[in-house]
Amino acid sequence: MKTTGFTKKIIAGLTLALGLVVGAQAAGGGIAWDKAPNKTNDMVALQNGAKLFVNYCLNCHSAAFMRYNRLTDIGLTEQQIKDNLLVTNAKIGETMKAAIDPQQAKAWFGANPPDLTVIARSRAGAGGSGADYLYTYMRTFYRDAEKPTGWNNLAFPNIAMPHVLWELQGERRPIFEEVVAHGHPTQVLKGWEQVKPGTMTPLQYDQNIGDLVSYLQWMGEPAQNTRVKIGVWVLLFLGVLTLFTWRLNAAYWKDIK
Amino acid sequence: MADYHEVSPNAPAGEKLLNWVDNRFPASKLFKEHMSEYYAPKNFNFFYIFGSLSLLVLVIQIVTGIFLVMHYKPDAALAFGSVEYIMRDVPWGWLIRYMHSTGASAFFIVVYLHMFRGLMYGSYRKPRELIWLFGCGIFLALMAEAFMGYLLPWGQMSYWGAQVIVNLFAAIPFVGPDLALLIRGDFVVGDATLNRFFSFHVIAVPLVLLGLVVAHIIALHEVGSNNPDGIEIKAKKDAQGRPLDGIPFHPYYSVHDIFAVSVFLMVFSAIVFFAPEMGGYFLEYNNFVPADPFQTPLHIAPVWYFTPFYSMLRAVTTEMMYALIACVLLGAILAVLKGKMPTLFKVLIVGAAAGLIAMMLSIDAKFWGVVAMGGGVVILFFLPWLDNSPVKSIRYRPDWHKYLYAVFIVDFLVLGYLGILPVSDLSSRISQLGTLFYFGFFLLMPWWSRLGKSKPVPDRVTFTPH
């Protein structure tokens, strides 16, 4: 049919045009994000992540849309949540509120620590998923005497937040190398030097941050894995339905000459 | 009024009931007129399913919208949290919300394809001008609906997108600032804005939308559907007065549509269940940050379906104004030299052009950007009177017309793509060219659509049985 040839030409033209613009666009700034492991289906990892979250993050950050009892979705009983994760005097059906007073937080850090409920969803971008960003961010703190907190970060330069997990990771110093790219000398991250050891080895630290980030990703949308599971069944059903409606259509249309 | 119709007392209960209803309400009559005895051309192709699909998406949006309103709070302090409450604590709330957010984008996809179909096959040509006008009205209402709905989640993009767009109205001379104030209900986007947008989004605009959809379909069923060949099937009828190339909508196109609906639902569900954010295009990442009036995001872009028109807005810079003034000047000179009209008309044209140029020189480019953005939509309304081609369908037009249409589509998509990106020198130049092409395509259509040798149009539609 005529239309098909015409449509093909349009599609070919489009692909070419979009290819050109996308090609011209592939550039950016800042440190490249590492790929975060996805452990949102790994209950042990999520539980470990929840523990780290409650112990380290929840002091200053809230997760004001996340209820404690939703943690039953990652394989914990309500009793376990009460015994191990309810550090404040909150009730199990309440949402996760920070221990810190927001006004004090503002005075100490210059900004209110953002709510973390959907942080993993909001930080996604051209560099990768929100989890990738958080995974990179939590692993690129370094000592910087010029900052009020004494810490700086490569993924979020001039961050107001100190390195809360420094006991676990220890102190590190980034090593840069000067490389000439496109005729300009540029600083490229070569690696890290461990200045003071932490209680964890670098490998253990990365694994724990992976767990924490997976937890944040899960908390951003607790229904995400249910959604995918249901989606498979929905699509299977629609596939069968389409088969029937296709044949039904053909059965009627065979009369049309 | 129809005569009272009796059925045999021995008739089955169903038939008796239908007869009872038919004597009081034209149920069977309506079904016949709009379904079983509505004759549609038998040569519809793939592009003809998007009308039915937009009706389906409208129903999805209304039904999911009803359930969302049960839990949503139109309050600047509570809105963001209530959406997260729907996503987390309301049983199946995430599904309803994702259906609604995916539905918004799906609506524009099917409507753009539906309009593209009309453009290709001349579905707006006589006697279908009113169908097209109602359709353009639907498109405009849909844009208003989407824009106001986008504020409701009260995220950063919701807030700043609304701030930017409402501020555009302030660029209108004299009434602008007051108009912007009236729309916002406050000096910045705030709780009052959220409440009125909510009201418009759930009541006012949907009512208009539904009314226009009904008018669109009534007008369509009055004149009958166009087809890919652009032939009037009513010109060739059989002894019973049925079009030879027509087939009853029901059952042929109803089964067709059911098939199309099931395929569409597969794509729709794949997005809802596996990629509801659609890479940040259907749900923007920055909109997961609650609205903060004190922190302007680095990059504010409207949702993808507005970006072609947003590009036109950004294309009109002070520099671009000189190009536009040159266009007006050139147009007036051409009209005076080449136009076959009385001298009085020519004088009027020169006067109007001089007035327009004076305004273009004295009013800020930002205002003309708003005019370009609005004009990009409004110009569609005039399409039936811009097209002078002797044939309706692209199939029988000169080949170079096809290429011109293809360039137009590419242009529209490139404008859309550039509208997502931050402005750069290169993208600004491309979108300026794209905007000139977009308007040139329509404004020069009365001239170019007449040119070239069209191919002979057959008497009967082209159809291969399948």
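Trainee: What percentage of the residues in chain A is buried?
Mentor: Buried residues make up 30% of the 257 in chain A. Buried means that 20 or more other C-beta atoms, placed from the backbone, lie within 10 Å of the residue's own. Keep in mind that this is a predicted model: local features need pLDDT of at least 70, side-chain atom pairs count only at pLDDT 80 or more, and totals for chains, interfaces and linings use all residues. Residues are numbered from 1 along each chain as its sequence is written, and chains are lettered from A and ligands numbered from 1 in the order in which they are written.
Trainee: What is the average pLDDT of chain A?
Mentor: The average is 87, and 88% of the residues score at least 70. pLDDT is the predictor's confidence in each residue, from 0 to 100.
Trainee: Which element of chain A has the lowest mean pLDDT?
Mentor: That is helix H1 (residues 2–25) of chain A, with 46, while helix H9 (residues 224–253) of chain A has the highest, 97. Helices are DSSP runs of H or I with at least four residues, strands are runs of E with at least two, and both are numbered from the N terminus. Over residues 13–29 of chain A the pLDDT is below 50. Where pLDDT is low, the predicted coordinates should not be read in detail.
Trainee: New topic: how many residues does each chain bring to the contact between A and B?
Mentor: Chain A brings 40 residues and chain B brings 40 residues. Two residues are in contact if their C-beta atoms, placed from the backbone, lie within 7 Å. On the chain A side, H9(A) gives the most, with 16 residues.
Trainee: And in chain B, at what angle do H3(B) and H5(B) pack?
Mentor: Helix H3 (residues 50–69) and helix H5 (residues 93–121) of chain B pack at about 155 degrees, with their axes 9 Å apart. Axes are lines fitted to C-alpha atoms, for helices over the stretch in contact, and angles run from 0 to 180 degrees between N-to-C directions. H3(B) and H5(B) are therefore roughly antiparallel, a label for angles over 145 degrees.
Trainee: How do H5(B) and H6(B) cross?
Mentor: The axes of H5(B) and helix H6 (residues 129–151) of chain B come within 11 Å and cross at roughly 160 degrees, so this pair is roughly antiparallel too. Phe107(B) and Val111(B) are among the H5(B) residues that meet H6(B), where Trp132(B) is one of the partners.

How values were computed
A residue is buried if 20 or more other C-beta atoms lie within 10 Å of its own, exposed if 12 or fewer, and partly exposed in between; C-beta atoms are placed from the backbone. Angles under 35 degrees count as roughly parallel, over 145 as roughly antiparallel, 65 to 115 as roughly perpendicular and the rest as oblique.
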